[in-house]
Amino acid sequence: MISTSGNMDTINTALISIDPIYSAEYPENIQVCMLRLDKIHRWVSGNKWFKLFLNLEEAQRWGWDTVLSFGGAHSNHLLALASIAMRKGIKAIGVVRGLHGQVKPTQTLQLCTAWGMQLIYADRTQYGDRDYHAELQTRYPNAFLIPEGGANEYGRKGSESIAQWIPAHFSHVCCAVGTGTMFTGLRRALPITTQLLGFAPMKGGKYLAEHIRPYLTPEKDTQWKIWDDWHMGGFGKINALLLQFIQQFEAINHITLDPVYTSKMMIGVNSLIQQGYFPPHARILCIHSGGLR
Ligand SMILES: *Cc1c(COP(=O)(O)O)cnc(C)c1O
């Protein structure tokens, strides 16, 4: 029996804090802080809440009784959706990429099921196929479809609200990038004098810029950059160096980073600091977008 305790606890944005980050290697004239979006809830941690809350509100407003979305067998997005849908009293369907999870459900999928999400398994060709998506809509006519990762306009709009926790004195804001949804919302909502740096934890992740630019008006399409140099072998890949980094970071800062996104972002930020990328007196805010469970 899986424990679902704590899932129905309130999502508490009042817990969001800005914590100083220490490292013996930082020059004295550079300040590094972390915005703790990971603290809002045990399961719906970080940016997933911001990308989903408007999607759920819209679904309910227009009378859809079900939300349907997509993700892998370890998807934090599906987990967050299951949790939020349960608390809002709306049905949830998760389309899982790959048939493997059906045979051997991951902890994520087990929790999704325990929270009332109906799971459907799609093979890799079906998963990304438009005809299959149309078929799902026909099969579930009351379902509001949310793209993988909450990557739609409601997701981008919801992410804009993260900027209200970012004081104007920060010269640089750094965040991890998966679909680019949070990044796009941030670029739209932050002052254009703030530099926004995105860290993609996958090989060739620079292509994500093409998923971001179309959603920025020309006046907001400035002062941003996507890096993909710190994927550490590829998306979801973990090695001894990464684990050591996470341990050291936790020992010094008492903050746990996740192995997929935020740890690779911090390795990237630290490398840029060492390379002298940031100007003297830079005030850098790194976003802890969650990913822990
Ligand atoms: C999902 C996720 C991201 C990616 O966010 P996008 O809006 O898809 O770019 C970043 N960090 C963490 C911890 C996540 O779980």
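In this predicted model, the side chain of Thr179 places an N or O atom 2.6 Å from an oxygen atom of the ligand, and Asn47 brings a polar side-chain atom to 2.9 Å from a ligand oxygen; a polar contact here is a pair of N or O atoms within 3.5 Å. At Thr181, a backbone N or O atom lies 3.4 Å from an oxygen atom of the ligand. The protein buries 97% of the 390 Å² that the ligand exposes when taken alone (Shrake-Rupley method, 1.4 Å probe).

Local features required pLDDT of at least 70 and side-chain atom pairs pLDDT 80 or more, while totals for chains, interfaces and linings use all residues. Residues are numbered from 1 along each chain, and side-chain values use heavy atoms, without hydrogens and water.

Turning to the aromatic residues, 13 aromatic pairs were found in the whole structure (ring centres within 6.5 Å; planes under 30 degrees apart are stacked, over 60 edge-to-face, the rest tilted). Phe70 and Tyr127 form an edge-to-face pair, 5.9 Å centre to centre with 85° between the planes. Phe70 lies in strand S3 and Tyr127 in helix H5, 57 residues apart (strands are DSSP runs of E, at least two residues). Both Phe70 and Tyr127 are buried (under 20% relative accessible area, 1.4 Å probe, protein chains only). The charged end of Arg97 sits over the ring of Tyr127, 5.5 Å from the centre (CZ of Arg or NZ of Lys within 6 Å of the ring centre and within 35 degrees of the ring normal).

Conventions
A polar contact is a pair of N or O atoms within 3.5 Å; within protein, one must be able to donate a hydrogen and the other to accept it, and residues adjacent in sequence count only if both atoms are side-chain atoms. Rings of Phe, Tyr and Trp (its six-membered ring) pair if their centres lie within 6.5 Å; planes under 30 degrees apart count as stacked, over 60 as edge-to-face and the rest as tilted. Helices (H or I, at least four residues) and strands (E, at least two) are DSSP runs, numbered from the N terminus. Buried means under 20% relative accessible area, exposed over 50%, partly exposed in between (1.4 Å probe, protein chains only).
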